[in-house]
Amino acid sequence: MPYLGGKETVKELRRSLSNPNIQTDPLRYRNAVLRVIRAMSQGLDVSDLFSEMVKACATVDVVQKKLVYVFLCCYAHLNPELSLLVVNTLRKDCLDPNPMVRSLALRSMTNLRLPSLVEYVEQPLTAGLRDRAACVRRVAVLGWAKLHQLQPETDAAVVNELYGLLRDPDPVVMVNCLRALEEILKEEGGVVINKPIAHHLLNRLKECDTWGQSEVLRVLQRYRPQSEDELFDILSLLDSSLVSPHPPVMAATLSLFLSLCSSLPAVSQAAMERARGPLLAACGSGSREMRFTALCHIQLLLRSTPGLLGEHFKRFFCSYAEPVYIKQRKMQVLVELVNDENVLMILEELKGYCTDVNDDTAQAAITAIGHIGRSYSDKCLEILTGLLGLKQDQITSAVLQTIRDLVWVCPQCSDTVSLALEGCQDVLQDSQGRQALLWLLGVHGERVSSAPYTLEAYIDGVRSETSVELKMELLTSTMRLFLCRPAETQDMLGRLLHYCIEEEKDVCVRGQALLYYRLLQCGMEETRRVLHGRRCDPSVGVLTGRPAEPIRQWMSSFNTLEPLKHRSGETEAASRGSPEHHASVPKPSMDLPDSLDCRWPEVDHPDSAGAASPYTDPGVTLSLTPAVSPEEFERLWMRRQESAAEREDCLWLEETIRCTAVPRRSPQSLHAAMQLVNIQTLAFTPSHALPWKVFLYTHTLQPDASCSTLVLGELLYTGEAHQNPTADGEQEVKVTLRQQPPDIQALRAFLSILSSVLNTLSPEII
Amino acid sequence: MSASAIFVLDLKGKVLICRNYKGDVDMAEIDHFMPLLMQHEEEGLLSPVMSHGNVHFMWIKHSNLYLVATTNKNSNASLVYSFLYKIVEVFTEYFKELEEESIQDNFVVVYELLDELMDFGFPQTTESKILQEYITQEGAKLEVAKTKVPTTVTNAVSWRSEGIKYKKNEVFIDVIESINVLVNANGSVMSSDIVGSIKLKTMLSGMPELRLGLNDRVLFALTGRDKGKTVVMEDVKFHQCVRLSRFESDRTISFIPPDGESELMSYRINTHVKPLIWIESVIEKFSHSRVEIMVKAKGQFKKQSVANNVEVRVPVPSDADSPKFKTSTGNAKYVPEKNLVVWTIKSFPGGKEFLMRAHFGLPSVENDEAEGKPPITVKFEIPYFTVSGIQVRYMKIIEKSGYQALPWVRYITQSGGTVATFLISAL
């Protein structure tokens with residue numbers, strides 16, 4: 001259809017539509033209408049023909065009617081007055097003996113979306129609810145939901161009638177009723193699910209198609225069974241849906257199980273195990289979108305039950321033709337599944353992906369190996385250093401970045417790394433990789449014999465360098481190298497500082513160079529203190545193996561769009577740049593796409609969190625959400641030294657808790673106990689090390705949820721002889737807390753919870 | 001669920017047809033879809049869900065079309081994708097092939113179908129057998145006089161309408177098993193599984209009640225019988241017509257079948273299968289001059305059986321030229337657009353061994369682009385044989401009128417596309 005000839009076409013169409021000869025011949029009339037619709041779908045503006053089309057809907061031909069209605073629904077908002085004319089025809093059609101025509105008319109009437117027509121639509125819709133044909137009732141029920149969109153007040157009588165129609169013999173009418181009521185009663189929290197309704201829905205679940213089943217199961221999540229017996233009756237009734245071959249039904253059932261059994265972890269666990277087969281089947285489904293969705297949800301499940309799929313790791317091996325997004329997710333899952341038995345096979349498989357033609361896949365595989373390296377560093381380093389031997393720029397760059405992150409966490413592998421660094425600089429092309437190399441050379445310079453020569457090459461080329469980050473990294477690395485190998489580095493450091501201070505245009509680089517220059521003026525000791533101050537503290541071991549999160553952390557987003565939105569590239573992006581700025585626990589950040597309307601269960605049921613934590617002081621409720629990433633924690637914690645202004649918007653408190661024994665022998669049980677009262681522990685020192693430290697955080701909530709504060713804390717046990725030994729040999733744990741915004745009452749309440757946890761725990765441990 | 005609108009786009013991103021179901025997302029948002037897709041593809045972040053502002057696009061690609069659902073809610077992703085695939089399924093049943101041309105040629109039906117499939121963002125009637133009763137391709141057929149109300153209204157059996165009549169009552173049962181085997185370069189089997197399906201072609205009158213008996217190990221264990229070969233099935237999926245509760249309780253597969261062709265059930269068997277056709281290959285690449293390929297195929301199945309239409313696909317470098325072949329049987333062909341040599345053998349008896357040699361020239365200027373090492377794949381079909389040994393023991397057909405009906409059974413084993421061997425290359 002020529003766009004330019006649009007006017008001509010419209011004119012011609014109008015002529016044929018208003019031609020009495022054509023109007024009398026049904027077939028030709030329909031053809032004329034057809035041409036209008038065709039023009040419309042091709043993007044031509046045919047809204048001018050509105051009045052002719054309104055006339056064309058007065059016909060006995062159902063197909064023509066349908067076409068005209070498609071046209072009208074598309075353009076009604078442009079011609080609200082003329083649309084009034086259609087209403088008459090539509091209302092007449094609502095009384096047609098043919099139920100198909102009745103439902104068509106009702107549907108079109110509600111699809112016009114004109115507020116001015118609401119008064120004319122209400123009466124046929126009410127009649128439609130009582131129509132004897134189910135297909136009309138289906139449309140009428142949803143019609144009320146559409147009407148609600150136009151005009152927010154809906155008559156209570158209609159709502160009652162809709163509740164009544166939940167018992168309609170037709171399952172689709174029943175499900176549509178649920179959908180409509182959910183929409184109409186959104187403000188009040190959706191349709192009310194009491195015992196009779198819940199049982200009715202459960203009994204009729206089998207009659208519904210898969211769409212309906214998913215809907216019903218979703219709505220049922222709001223139901224709270226009154227007794228344990230009832231709960232188990234429901235669960236056994238739903239058991240067959242849990243292993244349903246349709247992924248949406250299975251996911252909805254699992255979601256329902258998890259929400260019903262939130263207080264019975266063993267049952268939730270059993271449900272997840274039961275759903276394992278269908279979940280794995282969904283991961284192998286024919287459609288890649290479904291596979292992707294299943295993988296994303298498996299990632300959620302693994303956050304709480306890391307051992308769920310350990311032995312099925314082979315199912316997550318990538319096949320040659322899969323798209324990158326699936327491969328990346330599969331690798332992320334594989335990383336989670338690693339255990340002593342399968343680690344060799346998984347690494348062998350991942351190694352194969354590292355040389356994939358697709359750079360993104362290769363990079364994801366290398367990153368995955370790096371993650372596994374946190375627990376199995378020797379084997380992974382062997383693979384990674386082997387990859388350096390290939391001398392491919394992309395691979396070398398990715399490997400170096402991975403190694404950099406790995407060394408930060410596992411300082412014990414520095415020796416192997418130092419050996420591997422020789423000769424990498426010639427291969428590297430991109431600035432990310434070169435930055436990683438520079439950082440490694442700076443930190444491990446004393447062990448890499450060629451380090452000064454490599455840096456010198458970079459310093460000689462600094463004039464033509466464009467990346468600001470690289471120049472800053474170069475400055476720091478040269479400074480560090482200077483500290484351990486002054487004789488070889490002094491000259492080039494001088495040149496570099498001179499260039500950066502005198503010639504460099506970028507303010508950041510210049511600023512940093514000036515800083516270092518002045519630092520050097522303060523003397524070597526001062527410089528050493530600053531530059532080595534933030535080295536990884538080997539006594540703070542990162543928790544190996546993430547602690548299992550409670551299910552309700554992710555429960556609300558299960559079986560929705562949200563898990564898919566968690567960018568696969570996020571963890572990688574977070575590890576760019578020096579590890580000092582991005583700590584390295586691969587904790588999936590909980591940042592939510594702000595547009596998704598997902599609510600935290602704590603907000604929904606403020607009492608549930610309280611009920612689950614027996615120690616909670618009634619004056620305050622603790623909550624783990626929003627989660628604080630280790631990086632964020634570190635950033636906030638480090639501010640302590642910084643400024644006085646900081647001290648105004650937050651509160652620092654140091655206290656001593658006495659307990660019979662410090663529970664440092666068993667980080668797992670301490671972690672579990674803290675989780676129970678909604679305190680998240682982030683990192684422990686190894687149990688035998690002294691001083692022994694634990695970092696933790698939580699949020700305090702006032703009972704009315706009016707104000708919340710973030711509390712970060714550090715437990716410190718020095719193990720020294722007590723200054724004032726108490727009679728029964730109690731030990732002292734020093735607690736440092738940071739609260740933002742300040743609320744001393746909440747903080748005191750938190751402190752009492754904390755001390756009660758420590759005191760409850762300590763006798764058990766000994 | 002709630003998809004706000006559904007779009008069908010061509011490869012350039014032009015809207016072919018669309019339907020606004022909820023009216024809470026601006027229809028013009030779709031203009032962002034194609035730029036987003038391209039941008040993500042470039043960054044290597046392509047994913048089946050993309051967002052622009054607070055609008056989320058969930059999309060699938062089918063032949064030369066994109067099917068896109070938009071929403072601004074945190075809707076149920078797996079449901080939306082299943083619905084999009086359902087659309088593809090329904091359209092395919094209507095138009096044989098779903099592609100740009102068929103949408104343009106049948107836009108009236110497409111509009112009608114979109115109207116029935118979904119209302120206000122919720123899936124409604126999605127069973128194509130039912131839809132076909134009141135939405136027909138030849139619109140002329142749908143005269144005013146014909147006011148047939150779909151049987152779903154009566155709520156009896158939503159997948160079969162009443163009053164079907166056949167002169168000769170017959171059921172054809174096809175048991176089709178595809179095997180997927182992945183072999184790595186060292187010749188060890190990495191993974192293997194069997195995906196089976198039982199397809200029906202029902203030509204039965206009235207509302208017949210069918211019962212299917214298989215040599216299912218669980219069933220045999222239940223009834224205490226222990227003779228003959230049995231199989232353990234995993235991930236069994238049934239057509240909605242099968243009464244799941246009965247299967248759960250006593251493993252009986254009983255159902256009222258849909259009319260015509262349908263897939264009754266599918267299953268997966270996770271066992272170690274040795275590759276039915278074993279491939280060994282030696283590929284020698286002499287840079288700047290030539291590639292020499294030697295492929296040996298060996299039938300590792302019973303001597304009585306014959307594999308039909310065997311196709312061995314051997315990847316070759318994209319810049320190869322001047323092919324020369326020598327085969328002990330069948331013929332080989334070079335498919336330059338796919339960078340493959342396809343060696344076809346019409347019939348391949350069990351226990352036999354065949355050989356193919358190929359020779360290609362390589363240009364003296366080397367191709368810079370790195371190429372992946374795609375696996376060698378084998379396609380074949382073996383009739384009258386199932387790898388798993390699954391058997392249809394009986395098919396009982398009961399109908400009120402008491403007619404006699406004949407069941408016919410056929411077994412076929414196919415390759416599931418990935419009987420793959422990685423290259424064993426020298427040099």
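Mentor: K86(B) and E89(B) sit 3 residues apart in helix α2 of chain B, so about one helical turn separates them; helices are DSSP runs of H or I with at least four residues, strands are runs of E with at least two, and both are numbered from the N terminus. Their side chains meet in a salt bridge at 3.6 Å, N to O, the term meaning a side-chain nitrogen of Lys or Arg within 4 Å of a carboxyl oxygen of Asp or Glu. This is a predicted model, where local features need pLDDT of at least 70, side-chain atom pairs count only at pLDDT 80 or more, and totals for chains, interfaces and linings use all residues. Side-chain values use heavy atoms, without hydrogens and water, while residues are numbered from 1 along each chain as its sequence is written and chains are lettered from A in the order in which they are written.

K86(B) is buried at 17% relative accessible area, whereas E89(B) is partly exposed at 39% (buried is under 20%, exposed over 50%, partly exposed in between, with a 1.4 Å probe and protein chains only).

Now take D216(B) and R251(B), whose closest N and O atoms are 2.9 Å apart in their salt bridge. D216(B) lies in the loop between β10 and α6 and R251(B) in the loop between α7 and β12 of chain B, so this pair ties together parts 35 residues apart in sequence. D216(B) is buried at 3%, and R251(B) is buried at 17%.

Over all chains, the structure holds 46 salt bridges.
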